[in-house]
Amino acid sequence: MYIRATGNISPQESFGHGPLLETPVDHRGNRLNCIEPDYKEFIDVKLIRRMSRIIKMGVAAASECLREATLKNPDAIVTGTAYGCLEDTGIFLGRMVEQQETLLAPTAFIQSTHNTIGAQIALQLQCNNYNNAFVHRGFSFESALLDAMLLLKEGDAQHVLVGAIDEITNASHAILTRMGLYRHDNTASLHLLTTPQKGTVAGEGAAFFVLANAASATDYARLDALHTFYKPAGKEAIEKEIGRFLLNTGVGLNDIDLIIDGRNGDARHDATFNELEAGLFKDIPSAGFKHLCGEYPTASAFALWLATRIIKDEQIPAVLNVAKQPAALKKILVYNNHLNSHHSLLLVSAC
Amino acid sequence: MSAPVFIAGTGAISAIGHSTAACLAALKNEAAGIGEMRYLDSVHRDELPVAEVKLSNEELSLLSGLAPGISRTAELGTIAAKEALENAGIGDVAQWRTGFISANSVGGMDKTENFYKAFLPDPTKGRLRDVVNHECGAVTEIVADQLGIKDYITTISTACSSSANSIFFGARLIRNNILDVVVAGGADALTKFTLNGFNTLMILDSEYCKPFDENRKGLNLGEGAGYVVLVSEKVAATLKENPSVKLSGYCNANDAYHQTASSPDGTGSYLAMSGALKRAGLQPADIGYINLHGTGTQNNDIAEGTAIKRLFDPRFPMMSSTKTFTGHTLGACGGIEAVFSIMALNNGIVYPNLRLETPMAALPFTPETKLVTGVDIKHVLSNSFGFGGNCSSLIFSKV
């Protein structure tokens, strides 16, 4: 599978294919909001007013991605979102509770369904093709990606638009903070991974990709393989899954030039990564990415974008703090783990 | 890639019964499950009939084995998925690469609604245990953990076509040799969020719904769960009973017309049905029964009917909407109606489309109004169309 194009709205200056993280944005506090583009270029002004932030981010990221691929009508549109359209859900729910189920307007409800973004993209493109939405926590993006890869493999599609979208709202941030996910200090986000303590910072993003089954001159990278595993029993189980993944893909550990891992600065969460870094991954340069985008269930989509750009640029941006620069950048392994229960592996290679 | 995918078991819970067998008996007896709201605590109690599962949360907790206080959607899902797995007679799921692909529309919203009452005026209030399973995927994982399934778990949410898509995706994971056994389907409990949402769209009938009737006024919401156990040929060969039904066709298309309304000519519906036929290698004349999406709204029934006319004219298979029994169960309907479609094949019967008085003038066909028995049906087409233009059709065939 070939990664033909990308479109990524994130808490960094990632949109629009500029230099890769040359001027990283250092956020303060436990909430990393996306840097949003001017939507007028991508969405009808009348629609912009009606759409919530996550819908705008999703539609714009997808549009930018299709534009880069010069693709008008993908053979499939597949999205992943763990939380869905939280803002619209919260608006409708809030009014319903406050107004005791009376005098409600439909707009927020209509836009609250989890397939809204994929549907809006299809609507904008007038695309009648395959359209699916995965909503499974830390596997939402990975499931969408698997669906996309299978569609290409089955021969039912030549080009698939696949992406992930999640947003932070005031309500979700308040609830997840109460659940103990986030730090309470004024953390500088770029130092998140070097100051391990209790809690991480919230993130969000909209990252889309065009996957193609045939190579072209303008591909970023190859997506070789994907594997997910759920609630592994411990370190041995994790190492077994990683070992089996590499075996199945015919890749040895020493073939891997860089590991992008899902550490998030929460000491409890990062223990797994530290153990692997000291053990199985000992001789491989590695870098985290969540100091750039924060922690959220579909953060692996940001990691795939990052791996894709690094392969294309053949350069690791300084903000990743990789101590030992690899001699070549031909293969990157992305290992993410959301809340220690949802683990995923992605193998990205140079074309 | 075209390896067969067999149905080894089914499980269902809906307003007309708490098991596959109970649902079948009600379908045969024309016993609809729609009625006055008893369990959902809504101000619309006296105006809007609904199709509730006739058990309280406490009773569901006893039946599902889940701790009380958990989302009703997880309870419904656990009951139906456990039935499906037991019915399949597979034994220990750990001997195979087993997946659980579920679907729902609003996750644990039934509990989030309670949480919001306290949370809204004061964000430090509200019991976190009422919101911890808000995510669609959280509900799926409660059920997966009950089933002991770990190898592959995911959730699909494409509004009313959600669980048709989960069955479809499960079958593809088997065909691609990623999994051997998949429990696939979906669950949704009634919530105030959904009831009020549909109410603002003014598509709820204040009387019992009348799908495919000229004078239809809207849909009745329902709740439930439906799952099938999909198995590969290799697994099927180890079972005591040879599976009698396979999933032979499926297709997903998008109407790309409007966020909530279907196009007048039913473009998405047509593409889904014709694509499923193509996948199965069948002609329209091979279909013996269509389990209609048939919600009872003006818009759905004319769009679906027009697409059927375009595809099947002049020879129409028997048809009916079992939503006349179960109401519209949203994220669960593709799963529940898959179970009903499989039972139609196994029993040689077609269910009645209840309360149909005046056939739609614009359509050259009329769904069955009485139970039809003793028919040799070889292929059933099951339609699930939803918000966002998401349209999916499945075809179940006799082996």
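Which residue stands opposite Asn131(A) in β3(A)? Ile77(A) does. The structure is a predicted model, in which local features need pLDDT of at least 70, side-chain atom pairs count only at pLDDT 80 or more, and totals for chains, interfaces and linings use all residues. Residues are numbered from 1 along each chain as its sequence is written, while chains are lettered from A and ligands numbered from 1 in the order in which they are written.

The model scores ipTM 0.98 and pTM 0.98. Mean pLDDT (the predictor's confidence in each residue, from 0 to 100) is 97 for chain B. In that chain, 100% of residues reach 70 or more.

Strand β2 (residues 76–80) of chain A runs parallel to β3(A), and 5 bridges join them. Strands are DSSP runs of E with at least two residues, and helices are runs of H or I with at least four. Two strands pair if DSSP finds at least two bridges between them. In β3(A), 5 of 5 residues are buried (20 or more other C-beta atoms within 10 Å of the residue's own, with C-beta atoms placed from the backbone). Tyr130(A), Asn132(A) and Phe134(A) point one way from the strand. Asn131(A) and Ala133(A) point the other way.

The contact between the chains (C-beta atoms, placed from the backbone, within 7 Å) takes 47 residues from chain A and 48 residues from chain B. On the side of chain A that touches chain B, β3 (130–134) is one of the elements that each supply at least two residues. α3(A) gives the most, with 6 residues.

Definitions and conventions. Contact = placed C-beta atoms within 7 Å. Buried ≥ 20, exposed ≤ 12 C-beta atoms within 10 Å, placed from the backbone.
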